[in-house]
Amino acid sequence: MEYIDNMPSMDLMRSEKMTFVQLIIPAESAHRAVTYLGQLGLLQFRDLNAEKSLFQRTFVNQVKRCVEMSRKLRYFKDQIHKAGLLLPPLPASQPDIELEETEIQLAEHEHELIEMNANSEKLRQSYNELLEFKMVLQKASGFLVSSSSHTTDREIELDENVYSNDNHADTASLLEQEMRSELSNQSGVRFISGIICKSKVLQFERMLFRATRGNMLFNQAVADEEILDPSSSEMVEKIVFVVFFSGEQARTKILKICEAFGANCYPVPEDAKKRRQITQEVLSRLFELETTLDAGLRHRDEALTSIGYHLTKWINMVKTQKAVYDTLNMLNFDVTKKCLVGEGWCPIFAKTEIQEALQRATFDSSSQVGIIFHVMDAVESPPTYFRTNRFTNAFQEIVDAYGVAKYQEANPAVYTVVTFPFLFAVMFGDWGHGICLLLGALVLIARESKLSSQKLGSFMEMLFGGRYVLLLMSIFSIYCGLIYNEFFSVPFHIFGDSAYKCRDATCSNAQTVGLIKYKDPYPFGVDPSWRGSRSELPFLNSLKMKMSILLGVAQMNLGIIISYFNARFFSNSLDIKYQFVPQIIFLNSLFGYLSILIVIKWCTGSQADLYHVMIYMFLSPFEALGENRLFWGQSVLQVILLLLALVAVPWMLFPKPFILKRLHMERFQGRTYGILGTSEMSIDDEPDSAREPAEEFNFSEVFVHQMIHSIEFVLGAVSNTASYLRLWALSLAHSELSTVFYEKVLLLAWGYENITIRLVGLAVFAFATAFILLMMETLSAFLHALRLHWVEFQNKFYHGDGYKFKPFSFALLADDDD
């Protein structure tokens, strides 16, 4: 045991040792000190003002200013994107600027941009109105000219049929009134011209028809140009319309309908000469507005380019300053001593670096008083901090997704680096598919520097984050595929010839009948002659099922052994005596024994039925095994193992709760006598005390908890062992799916001479391989391996009830501008 204790510690085996520290910072150097600590990123501050609202804290005004500046920066960024400009790269070196100076610059830039946008919007609105007016003049002129010519052609008919009957004139149709409008000043036919969105024209026309009861004539034409909508910044197609009507009441109704539908009405004179004159004026003003708009846009783009040159630095500066003031708000401000008091956690190895940063802050701020940094005792459990790299980070994230390790608890990520990709490969074993995954992982790793600086989608970001997990999964898949001897479900004679050959020359089908073993077994993996034979499925089922049990029992034993090292590390002898020992005895008395039987059967070639052996070990432990005996003394050993398993259950259940009760009673009695002689201040109220407050001991609660834990382990030993059979099931499913796609798609298509059928078969096979076997099966095997680690492995030793170490660090700030 001394040898184990003297072994060097691993970085990932247990979390970094943490210490609780207190900072007393003079007010004049507080901002600089917190800034330097943010650059260092090794101290997690504790909020000492948790009972105060955000608006009651000391630096709330500075936070509000930073939030307001963040809003302005988001406004600038949106304007740059709307203008279609690209943000220039951040210059290598830029002069440092103060927050106040930046705030003044941002206010000036925002005022300038708002003013430019308002002027541009007014000019754009005027330009749109003139453009619409021009199109209305052009299209309405055509309607009015055609109406005038139509009137001249039927002038005689109107004279005879209209003016000869005065009574008929009162009830004349609108078309007749329109045609005689040029001949009589008493007709009263008028028109309204305007423009409307194309999407509203049908409803607009229907509403006009109903409002005037059909006493109108509606002419429309598509506008020659699309018009920019300032609200949506999209080009909108519009329709020019001219409505002929009679009467003031109809005019009022039509104008109200135009207003309701958002139609813009423009006056068009009936005189052609006046129309041409107005058109010329409109064209002249449009040209002037175009020139003014272009000049305004160029000026705005220049202003946005100038802003964009500094935008990235401004965003980073405001983000860091807001983080600094948020952190300062977590400190306790002592008004009398004009200093700030802070508390937090830091790794022990970082104490020297933190002290150097604080000394530098004192010197740079020209403070007369130094910053006090001292270690304190803490009641609460420290946070958990693992130093990971690019390779181990993904495996640590897999473990943390289940739960963050308790402080100094054994870290499952150390073993997950190997066991997770290996169990995945057992279910995914095919060295052809493994090569495909390997190529994908190598591409991600080769482009690591480029992809790490880009903003990726959610799926691609997850894939890139697990690139090294994918690399190991692919390597282990190639290894297991060589053991299974499967390359896209096709066996190969990689390690020599098969150990089986045809019995004689008359053997017609050497793949199914007539095979005999003529030399030593195939040197590595499954003999290729098993593929296609009648006993292929029973043989592979037996092999993979027993292999799954061996792997499962081995991993569960590893979990129980790690629980021993956890208990030894925390000096918890009760867990060693009354949890580790009975658990290891119970598991190996049943399933460890089964694993030994499997290995013995493989080595001896025995025909013993292991199902019968395990079932009658419980039902008839004293009955002779007969032909199912694998070694001498097996019956006696089975009785001993069964008794050990039965003893292990009460061993786990009863002693620990009663021992805990006795220890609590002894501690309680000693504490009672101690309190009688103390002063008014309780030991729990002493400052800087590491003693935990007394907790009420509830025996029934402890006993029920221990009973649940014991029952869970006993039942879990059976269910968890059975759960590892998913290794066999998914491996079989993957192999059979590969065989179906190969034989029923690729070989079937290749049996035809038609090149088109062959290409279609190859395309279907490639699609099925890529999307079903390489994507869906990979995801399925990944999730099942994840479950085996979270439930079957980690529940033997891993509590996962800690919390992460989250230091104040500028490098960890989120990429948002809140």
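Me: Which residues of helix α12 are buried?
Reply: In α12 (residues 393–402), the buried ones are Ala394, Phe395, Gln396, Ile398, Val399 and Asp400. Buried means under 20% relative accessible area, exposed means over 50%, and partly exposed is in between, with a 1.4 Å probe and protein chains only. Helices here are DSSP runs of H or I with at least four residues, strands are E runs of at least two, and both are numbered from the N terminus.

Me: What kind of model is this, and how is it numbered?
Reply: This is a predicted model, where local features need pLDDT of at least 70, side-chain atom pairs count only at pLDDT 80 or more, and totals for chains, interfaces and linings use all residues. Residues are numbered from 1 along each chain as its sequence is written, and side-chain values use heavy atoms, with hydrogens and water left out.

Me: Back to α12. What covers its buried residues?
Reply: The cover includes α13 (413–428), α16 (458–465), α17 and α25 (755–793). A contact is heavy atoms within 4.5 Å.

Me: Which salt bridge does Glu397 make?
Reply: Its side chain meets that of Lys804, at 3.6 Å, N to O. Glu397 lies in helix α12 and Lys804 in the segment after α25, so the pair ties together parts that are 407 residues apart in sequence. The rule for a salt bridge is a side-chain nitrogen of Lys or Arg within 4 Å of a carboxyl oxygen of Asp or Glu.

Me: Are those two buried or partly exposed?
Reply: Glu397 is partly exposed, at 38% relative accessibility. Lys804 is partly exposed too, at 31%.

Me: How many salt bridges does the count come to?
Reply: The count comes to 23. One of them joins Arg57 and Asp47, at 3.1 Å, N to O. Arg57 and Asp47 both lie in the loop between β2 (44–46) and α3 (60–82), so the pair ties together parts that are ten residues apart in sequence. Arg57 is buried at 13%, while Asp47 is partly exposed at 30%.

Me: What about Asp326 and Lys322?
Reply: They form a salt bridge, with the closest N and O atoms 3.0 Å apart. Both sit in helix α10 (residues 272–328), four residues apart, about one turn of the helix. Asp326 is partly exposed at 30%. Lys322 is buried at 18%.

Me: Which residues are linked in a network of salt bridges?
Reply: Glu68, Arg71, Lys72 and Glu110.

Me: New topic. Where is Phe488, and what is its phi?
Reply: Phe488 is in the loop between α17 (467–484) and β12 (500–502). Its phi is near 55°, a positive value in a residue other than glycine. Most residues other than glycine have a negative phi. Phe488 is buried, at 18% relative accessible area.

Me: And Ser489, what is its phi?
Reply: Near 75°, again positive in a residue other than glycine. Ser489 is in the loop between α17 and β12. Ser489 is buried, with a relative accessible area of 4%.

Me: Which residues make the nonpolar surface patch?
Reply: Phe459, Met460, Met462, Leu463, Phe767, Phe771, Met775 and Met776 make it, at about 830 Å². Patch residues have over 30% relative accessible area and no salt bridge; like charges are joined within 9 Å, and nonpolar side chains (Val, Leu, Ile, Met, Phe, Trp, Tyr) within 5 Å. Areas come from the Shrake-Rupley method with a 1.4 Å probe, and for residues only the protein chains shown count as cover.

Me: Which helices each supply at least two of the patch residues?
Reply: α16 and α25 do. Phe767, for one, is in α25.

Me: Where is Met116, and what does it contact?
Reply: Met116 is in helix α4 (residues 99–153). Leaving aside neighbours within four places in sequence, Met116 contacts His299, Arg300 and Ala303. Met116 and Leu297 are 181 residues apart in sequence and 8.8 Å apart in space, C-alpha to C-alpha. Met116 is buried, at 14%.

Me: Last one. How much of the protein counts as buried?
Reply: Of its 818 residues, 42% count as buried. The protein has 25 helices and 13 strands.
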